Amino acid sequence: MTKLKNILDKCLEVLVMVSVAVLVIDVLWQVATRYGSKFSPWIKSFGSEGQFAAFLVKYTEGIQPSHWTDELATFLLIWVALLGSAVALGRGAHLGIDYFVGKLDDKVRIRTELFAFAVVALFSLLVMVFGGIGLVARTFELKQVSVSLNMPMGYVYLAVPISGAFLVLYSLIGFFERVSSAKQGGAA
Amino acid sequence: MSFPIVVLVASFLILLVLNVPVAFCMGVAAMLSILVMGDLPTFMAVAHKIATGIDSFSLLAIPFFIFSGLLMGHGGIARRLIDFANVLVGRFRGGLAFVNILTCMLFGAISGSAAAAVSSVGGFMIPLMNKRGYEKNFNTAVTVTAATTGLLIPPSNVMIVYSLATGGIVSIAAIFMAGVLPGILVGLGLMLVAGIISIKNQYGQGEKATLVQGIKSFFSAVPALLLIAIVLGGILLGIFTATEASAVAVLYAFILAVFCYKEVKFNEIPKILLQCGVTTSVVFLLIGTSMAMSWVLAAENVPQDISAGLLSLTNNKYVLLFMINLILLAVGTFMDMTPAVLIFTPIFLPIVTGIGIHPVHFGIIMIMNLCIGLCTPPVGTCLFLGCGIGETTVTKVIPKILWFFVAMVVSLLICSYLPFLSLWLPDSLGLLK
């Protein structure tokens, strides 16, 4: 099971890392193209006939402010955020209030931890996976597409059921890790 | 209270106490209450709220500011800012306490994270102050409280979350600028307390810096501080949007940390990318599920009911504001900042705008309240982190931190009742609608 978790971790982690990097480049590209498109008129406004100016104008003339970058960015963000939340669950990074549980003795505390994982698994299964599939199906039916990339919104919302499945998987892994550690703790 | 709301509040509180992650508490509470409302395809409705809740270009600023903050944090800016602050305020009695506070303000602003300020600045300053004869628990108390000022001084992620929670009524630029003076006010208040305690206890005098040292530390710290100028200047001059500014901040921080300061190696970048992704998704899942919960609250007229309840107690604006402050302080003691902002903004905003408080002003009040909560038990991220770094315990720090709380609460009251402190700067920059 730890092996499965490690492989899962690696795959999701790489996906998240690459997406964050693409996100940054995407938005920087948006800024660059918007100012790039103003660049050649600006050079021309000096009216210089020099070779260097001609060179600059030649290579910046065609630049148009990009319209698809903000759409791509929001789509990527949804995927990063949802897939990342599965990774975060695996690392125990989601914020909770451990004050009250910390006061309990070990045995009861482990039971509350098991309960918490069960709640997360159930929510992920019902809402993220089942609800998400419903959402995706409906957006495909309604043929909703994005404005500039013309991408069916179903593909964007697909992030919900897929990351839901990973959340279920991670919470089950967490659940059974607690079970086995409780057994070992009992033996020791 | 309608039955769905009883279900929502009860399930939320029970799950919260049992240490279920807050994002899932909100999701499950929303799910159960929609289930008892009964006229909607429950699971799909919640999934829809989660997906559309995070589908926003302006939210992109959050991962980017997290990213640039991580780069700057790893990039050794804490030490440079400490040197710089030392030249400015290190010479007075209790100098190192002032250095600590000033560095926290600057570092917190740049990194956008109070926890990062505690660990980066505190990790260096607390041991140093211990060695120079300052009392350990005092040093921890200074660091913990000062670290929260960075959340008021822009750029600040919690302000972006607030802007989102208001439904875009408050622009990111406006709330950013509104935080500047209150942030400085809290910093000065903390310095005042630290100064008085230092004089009383005869804490050490920092050494005087020579002019050469001053110039050197200035030029070493300025590139880091320029980040704030680029972000705020870029937004204010209309060169780029807040989101684009945050992406430019990443580029700038990257160049600075990797090529200029040379403290971040290329092979560390993937780890930072991942950390950014994970922190981002923690915040975003909170945003998504809180949208579902807020939707239920609004559908069941909860803000109106609470508003009517509060107004039946009093209709004095100042008393109401005071009560809301008390509620937010109480919330802050046991809840982290982001979920608290997401849950309580939609509830309180209609009430406060009804009694004539500007939404931008209210954002500052709310964040100041929750900042105090970061330094208090039972749930105080900064306090517990600081105690770990200061190698001390909460019980020992509390007596020392009390006077700093007084400073924070007084600043909070000043900012609550003098709206121009928050509104003057954004107003004169033409950012208020």
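Arg178(A) is partly exposed, with a relative accessible area of 26%; buried means under 20% relative accessible area, exposed over 50%, and partly exposed in between, computed with a 1.4 Å probe on protein chains only. This is a predicted model, in which local features need pLDDT of at least 70 and side-chain atom pairs count only at pLDDT 80 or more, while totals for chains, interfaces and linings use all residues. Residues are numbered from 1 along each chain as its sequence is written, chains are lettered from A and ligands numbered from 1 in the order in which they are written, and side-chain values use heavy atoms, with hydrogens and water left out.

The side chain of Arg178(A) meets that of Glu113(A) in a salt bridge, 2.9 Å from N to O. A salt bridge is a side-chain nitrogen of Lys or Arg within 4 Å of a carboxyl oxygen of Asp or Glu. Because Glu113(A) lies in helix α6 of chain A and Arg178(A) in helix α8 (residues 159-187) of chain A, the pair ties together parts that are 65 residues apart in sequence. Helices here are DSSP runs (H or I, at least four residues), as strands are (E, at least two), numbered from the N terminus.

Glu113(A) also forms a salt bridge with Arg109(A), and the closest N and O atoms are 3.5 Å apart. Both residues of this pair, Arg109(A) and Glu113(A), sit in helix α6 (residues 106-141) of chain A, four residues apart, about one turn of the helix. Arg109(A) is partly exposed at 25% relative accessible area, and Glu113(A) is partly exposed at 21%. A network of salt bridges links Asp106(A), Arg109(A), Glu113(A) and Arg178(A). Over all chains, the structure holds nine salt bridges.

Chain B has a salt bridge between the side chains of Glu135(B) and Lys400(B), 3.8 Å from N to O. Glu135(B) lies in the loop between α7 (114-131) and α8 (136-147) of chain B, and Lys400(B) in helix α19 (residues 394-417) of chain B, so the pair ties together parts that are 265 residues apart in sequence. Glu135(B) is partly exposed at 27% relative accessibility, and Lys400(B) is partly exposed at 33%.

Next comes the interface between the two chains. The size of an interface is often given as the accessible area lost when the parts come together. Between chain B and chain A the buried area is about 4800 Å², of which carbon and sulfur atoms give 83%; buried area is the accessible area (1.4 Å probe) that two parts lose on being put together, summed over both. In chain B, Phe24(B), Met44(B) and Leu274(B) lose the most area to chain A, together 13% of what that side buries. The contact (heavy atoms within 4.5 Å) takes 54 residues from chain B and 55 residues from chain A.

How many salt bridges does the rule find across the interface of chain B and chain A? The rule finds one, and the side chains of Glu244(B) and Arg34(A) meet in a salt bridge of 2.8 Å, N to O. Several helices of chain B, α1 (3-17), α2 (22-37), α3 (42-53), α4 (61-74), α12 (242-260) and α13 (269-299), each supply at least two residues of the side that touches chain A. Helix α13(B) gives the most to that side, with twelve residues. By class, the side of chain B that touches chain A has 41 nonpolar, ten polar and three charged residues. Here Ala, Val, Leu, Ile, Met, Phe, Trp, Tyr, Cys and Pro count as nonpolar, Asp, Glu, Lys and Arg as charged, and the others, Gly among them, as polar.

Ile160(B) lies in helix α9 (residues 157-165) of chain B and counts as buried at 2% relative accessibility. Leaving aside neighbours within four places in sequence, Ile160(B) is in contact with Ser58(B), Ala61(B), Ile62(B), Phe65(B), Ile172(B) and Phe176(B). Ile160(B) and Phe176(B) are 16 residues apart in sequence and 8.5 Å apart in space, C-alpha to C-alpha.

The cysteines remain. Over all chains the structure holds zero disulfides, a disulfide being a pair of cysteine sulfur atoms within 2.5 Å. Cys276(B) is in no disulfide, and the nearest cysteine sulfur, that of Cys382(B), is 20 Å away. Cys276(B) is buried, at 1% relative accessibility. Cys375(B) is in no disulfide, and the nearest cysteine sulfur, that of Cys382(B), is 5.4 Å away. Cys375(B) counts as buried, at 0% relative accessibility.
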